[in-house]
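Please consult the sequence and the structure while reading.

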Amino acid sequence: MKQLKLSALALLTFISLTSCSNDDDAPFVNEEEVITTITATFTPVADGETVILTSRDLDGDGPDAPVLTVSGDFIAGANYTGSVTFLNETESPAENITEEVQEEGDEHQIFYQANGLGTFAYTDQDVNGDPIGLAFTFEAAETATTGNLTVTLRHEPNKDAEGVASGNITNAGGSTDATATFQVAVVVP
Amino acid sequence: MVVSWSTQAQYTLSGTVQTPKNTPLSGAHIHSNALHAISAPDGYYELHTIPAGRQRVVISYIGYKTLDTVIDFRDNKVLDVTLKPHTEQLQEVVLTENNAVSQNTIQENRLRTETIEKYSSATLGDALKELPGVYALKTGTTIVKPVINGLHSSRVPVISNNVRLEDQQWGIEHAPNLDINSAGRISVVKGANALQYGGDAVGGLILVKPIEVLKDTLFGRSILSMNSNGRGGNLATSLHKGNEKGWAWNAGSSFKYMGDREAPDYVISNTGNREANFSGDVKYMGNDYDVSGFYSFYSADIGIAKATHIGNTADLVNAINNQQPAVIEPFTYTIDNPKQEMQHHLAKLDYNKKLSNDASLNLQYAFQLNRRKEFDLRRGEYKDVPALDLTLVTHSAQANWKKYLGDVTLQSGVSFSLQDNDASPDTGVSPLIPNYTKTDVGAYGIVSYRLSDKLSGEAGLRYDFSNMSASKYYQKSRWTNLGYDGVYDNFIKGEQGSQWLTQPEFTFHNISASLGIRYGITNNTELVGNAGLAMRNPNPSELFSDGLHHSNGTIELGDLGLDKETAVKVSATLLHNGKNFSLEATPFLNSIANFMYLQPTGTEVTIRGAFPVYNYRQANALLAGFDFSTKWQPVNGLEHNLTFSYVHGTNTDTDEPLIDMPPLNINNTIRYTWADWHNLFVELRSEAVFTQNRYPNYNFYTDVPQDNQLVSNLVDVSTPPKGYHLLHFGSGMHFDFGKTSTHINLSVYNIFNTSYRDYLNRQRLYTDEAGRNIQLQIKFNY
C-alpha cells in the first residue's frame, strides 16, 4: 500500500512539474484573415483623373474606425474601368487578399451601390460564369450629384438568388468580410 | 428524442440505508433480480420497476453484513434498513418504516435511470430538462447546457465522478464534454450548499456518477437508439463486474452518428454530429480500504448551422427578416465548417480508507485534458485551420475525511488544483481566451447534527484561494479604449507593433458557507430549508473577451477590473411522499452582488461594418422563483406527473429584467402501464413553454443595403419568440428471457411537427427548432 501511495505521489509530482514549466509569454499571432484596406480604383477610359477610394482600418476589429479617403470627384457622363483590391496591412509586407478572392471567385462577390451616382457593370467571371466584381466598369451620372458609394465584399453569397448576378445585394445572403461607404461627388467640369 | 423506458414498473421500493449509529450509508447497493440502485449521500434509495409478487431484495455495503430478504410487492414499499458492520457477530436487520429524518439537509433532484436511458442518443442537458427548475440553453440541437433556476455555465459546475469537469465551461456554446451513457446517476443541487464540491456554485451543481455495482455479479447492457430526425442513432454498450470484496470493474462505450436535423419546413443545414466515447474503471476492495483507477474519453464533432455565420449586423437583419435560414441544402451526413471538435480525457486515482468503524478517508487525484477546436468559414489556406484551438490541462487532488459521532457527522477536506490553458497561435486569429495558468487551493468543513427524530441541521464553511496569471496581446487602441492606460500599466511586459504584450495576474480569497435544516412534519412530509453563500471569480471570457462574436454580430469586451460575484441563495422545499401522491415545492430567492453580465454600451465601426459593443459589467441581481412537481397515481397502472418552473430575474441597479431567463414552463405526463402484459406502457407528455415577456431591450439600428440604397433597420435581437406547446408520445414493452431481458420503446417527439423557436436557443434568430422525431430504442440487459 505504501508503495502505491509513493508511486501515486511521484506520478502527481511529475505531471505537475511538467505542466508547470509552461510559464512562457503568449506567442504573437499574426491576424491572417483580417482585411484592413479596401482600395477601389476608377480609371477614366478617356482622358481625366483616376479616382481612388480607400478605406483603411489598421486595428482590424479594434475600436478605431476605418479611415476613408476619396482622391477626387467623378466627371459627369464619363466612363471608368474599375478594379478593387483588399489588403491585410497588419502584416509586413502587406498580404494581398485580392488573390484569394480571385482564386475562390465562386465563393465571393463584390457589390457596389451607386445610389444614383452612376451605373456599375461587372466585367469578370468565376468558374461558373457568375460575376466576382474585382473588375468592373462605371459610368458616372450625366448630371452633377453627390452621394454614398458603398463597396461590400460578401463571402459565400447565393449568386443564384434573384438579382444577385446583376449586382443587387438584397438577396445575396452570405457574410460580409469587408464594407465601406464613401461620400463622393459627380461634377460637371 | 423522447422515449420512455418504462420501467415496466409496477412498484417502487424506496427507503434509507444507515448504520446502527443512525448515520446514512452512501453508496449502498440495492438490487432485486436485474434491478439495481445505489443509495445517495443521505442513504436514500429508490428501486423502480419491480414486478408484482414475491421478490428477493438484497441490500449490501462494503464492510457491512448484507441484508437478503423477500418482499411481497402488492404496492409501493418503504424499506428503511440498518446494516451492521461485519465485525459484529450478531446479524440483526432492523426493518422500520419512516424512521427519523435524514441528517442530510441538501435537497438533490435525481434523474431516474429510465430518464437517463431515454436520452441515450441526446445529451446530458436534454435529460436534465425533465427536472423542475432546470431549463436548457442551446446552440442548435446538439449543444445543450443545463440552466438551474435561471443560471448556467460558470455558475453551474458539473461534477463528474467526484471530479469538477474543466472543459472551457465558461462558454455559452460549450456543452459539458460528457457522455450521458457513462452516467449511472445524475442529480442536481439547486444552490451552493454542497461545499465539498466547491464554493462558487452560484447557480447550482450537476452531480454525475458512473454506474457502480456492489454485488458479486457480471452484467451487460446495450442500448440501440434510432432516430428519424437526423437519420441516425446511437449505440451504447457497457459491461459491469461488481463485487463485495476483491476486484470489480466497469467498461462502456458509445457511438453516435447523426446527419442534418430537420425543422418542419426545411433542413437545418450542417447540423450533423458524431460522438465516440469510452469510460471504464478498475477497483480493488480490501477489508478496510479500496483503490480504484478510472478513465473516460469523450470525443465529439458537432456541425454548427451554416446559416448562423454572419459578417456584420446588416447580415443579421437579413437573417432575422427572412424568417428562414439563408442556407438550406439537401439533407446530408457530412459535417462542414463551421463546426466544433472536442476531446476530453479524464483519468482518476481514488483511495478510500476506513480509519475506524465510524471514520473514513478519501484521497483522489484527477487529470483532465480538454482539446477544443472551432472551425469557421474561412478563406484560402485557412479553410481547414481552426479559428480557435485550445488545450486545457487540469490536475486536481483532494482529501476528504468523514467521521460519524452518533447524531453528529463531521466532514472536512482540502483540495488543490493546477490548470494550464494553451491557445494555439497557428490559428491565425488572436485567441478568444489567452494562455493562462491557474492555481486553486480550498478547504472546507461541514457539521451535520440530528437534534431529534424530527429535526436535523447542517452547517458548512469553505475557504478558497485562487491565483491566475495570463499572457495576452492587446491592441494598443483597445487597451486605451478600455481605460486601462495608467490603471494596469504594471501588466504590460512588452510591445509588438500596434499591440501590448500583457501579463495580467489576479488573486482571490473567497469564503463560502451553507446552512440547512430538515424537519419532519409528519411521517411522510418534510420541510427542507437551505441558505448558501457562494463566491465566484470572473472567468477568462469575462476578463479577457476582446473582439467580434461571429454568430451574434457583436463585439464583446471583457474587463480586467471585474470583482468576484457573491450570491446568497435561500430556499425552502416542502416534500410529501404519500402512497398515491407525492409533491415537491421549492420557492427560492437568489440575491447576487456584482453579478457579471454583458451590457450593450455603443457601436463600433470596423471594416466589416458597424457592430453593437457589449461590455462585461457588474450589477446587483435578484432571482426569485418557484419549482413545483407532483406525482399522482389515481388508480393502479395510471400515473400523472407535473412539473412547473418559474424564475423572475431582475437587475436591481437598472431595474431591468435579466436577459436569457427561462420562460414559465409546465410539463404534464400521463402514463398507463399494463403490468401483466410485458409491462406495456403508453405515455403522452405535454410540454408548454410560455412567452417570456420580461427581457431587457437591447435592440439597435443599423444600415442595411437594400436595392442599392442603405436603409436604416431596427435589429430586434431582444424580443423573445412566442411560447409553444408540444406533445410527445412514448410507449414501450419489456420481454424477459431467463437471465436476459429486452426492452423495446417507440416514441414520437413533437407529434404534430410544430414549428417553434426557443428563447434560450442561441440560434433562435436564424432557424426554427428541429421538428418531429420518431425514435425506436432497443435495450438488452444480459
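Two residues are said to be in contact when heavy atoms lie within 4.5 Å. The model discussed here is predicted. In chain A, A:Q109 is found in strand 7, which covers residues 108–113. With a relative accessible area of 0%, A:Q109 counts as buried, because buried means under 20%.

Which residues are in contact with A:Q109, leaving aside its neighbours within four places in sequence? They are A:Y122, A:P131, A:I132, A:T152, A:L153, A:R154, A:P157, A:K159, A:V164, A:A165 and A:G167. One of these, A:V164, is 55 residues from A:Q109 along the chain, and the C-alpha atoms of the two residues are separated by 9.1 Å.

## Chain A as a whole

The secondary structure of chain A consists of two helices and 11 strands. Read from the N terminus, the order of elements is α-β-β-β-β-β-β-α-β-β-β-β-β.

Of the 189 residues in chain A, 48% are buried. The chain exposes about 8800 Å², and carbon and sulfur atoms supply 51% of that area. When contacts between residues at least 6 apart in sequence are considered, 63% of those in chain A join residues at least 24 apart.

## Aromatic rings

A pair of aromatic rings is described by the distance of the centres and the angle of the planes. Over all chains, the structure holds 32 aromatic pairs. A:F42 and A:F138 form an edge-to-face pair, with 5.6 Å from centre to centre and 75° between the planes. A:F42 belongs to strand 1 (residues 37–44) of chain A and A:F138 to strand 9 (residues 135–140) of chain A, so this pair ties together parts that are 96 residues apart in sequence. Both A:F42 and A:F138 are buried. They also belong to one aromatic cluster, which is formed by A:F42, A:F74, A:Y80, A:Y112, A:F120, A:F136 and A:F138.

In chain B, B:F491 and B:F506 form an edge-to-face pair, at 6.0 Å from centre to centre and with 65° between the planes. B:F491 lies in the loop between helix 4 (476–481) and strand 29 (492–496) of chain B, while B:F506 lies in strand 31 (residues 505–522) of chain B, so the pair ties together parts that are 15 residues apart in sequence. B:F491 is buried at 8% relative accessibility, and B:F506 is buried with a relative accessible area of 10%.

## Charges over rings

The charged end of B:K339 sits over the ring of B:F375, 4.9 Å from its centre. B:K569 lies over the face of B:F588, at 4.8 Å from the ring centre.

## An open sheet in chain B

Four strands of chain B form an open sheet in the order 3-2-5-6, with antiparallel pairing. Its edge strands are strand 3 (35–38) and strand 6 (67–73), each of which pairs on one side only. From one strand to the next, the twist averages 20°.

Within chain B, strand 5 (residues 53–60) and strand 6 pair in the antiparallel sense over seven bridges. Opposite B:V58 stands B:D68, in strand 6 of chain B.

## A covered helix and an enclosed strand

Helix 3 (residues 313–322) of chain B is mostly covered, with eight of its 10 residues buried. The buried residues are B:T313, B:A314, B:D315, B:L316, B:V317, B:N318, B:A319 and B:I320. They pack against elements of both chains: strand 10 (145–155) and strand 11 (175–187) of chain A, together with strand 37 (609–632), strand 42 (700–706) and strand 43 (709–715) of chain B.

Is strand 41 (residues 680–689) of chain B largely enclosed or largely open? Seven of its 10 residues are buried, so strand 41 of chain B is largely enclosed by the rest of the structure. Strand 40 (residues 665–674) of chain B runs antiparallel to strand 41 of chain B, and 10 bridges join the two. Here B:I666 has B:A688 in strand 41 of chain B as its bridge partner. The hairpin of these two strands has five residues between the strands, and B:H678 takes a positive phi near 50° in it. Strand 41 of chain B is also joined by nine bridges to strand 44 (residues 724–737) of chain B, again in an antiparallel arrangement. There, the bridge partner of B:V682 is B:S731 in strand 44 of chain B.

Terms used
Residues are numbered from 1 along each chain as its sequence is written. Chains are lettered from A and ligands numbered from 1 in the order in which they are written. This is a predicted model: local features need pLDDT of at least 70, side-chain atom pairs count only at pLDDT 80 or more; totals for chains, interfaces and linings use all residues. Side-chain values use heavy atoms; hydrogens and water are left out. Buried means under 20% relative accessible area, exposed over 50%, partly exposed in between (1.4 Å probe, protein chains only). Accessible areas come from the Shrake-Rupley method with a 1.4 Å probe; for residues, only the protein chains shown count as cover. Two strands pair if DSSP finds at least two bridges between them. Axes are lines fitted to C-alpha atoms, for helices over the stretch in contact, and angles run from 0 to 180 degrees between N-to-C directions. Rings of Phe, Tyr and Trp (its six-membered ring) pair if their centres lie within 6.5 Å; planes under 30 degrees apart count as stacked, over 60 as edge-to-face and the rest as tilted. A charge sits over a ring if NZ of Lys or CZ of Arg is within 6 Å of the ring centre and within 35 degrees of the ring normal.
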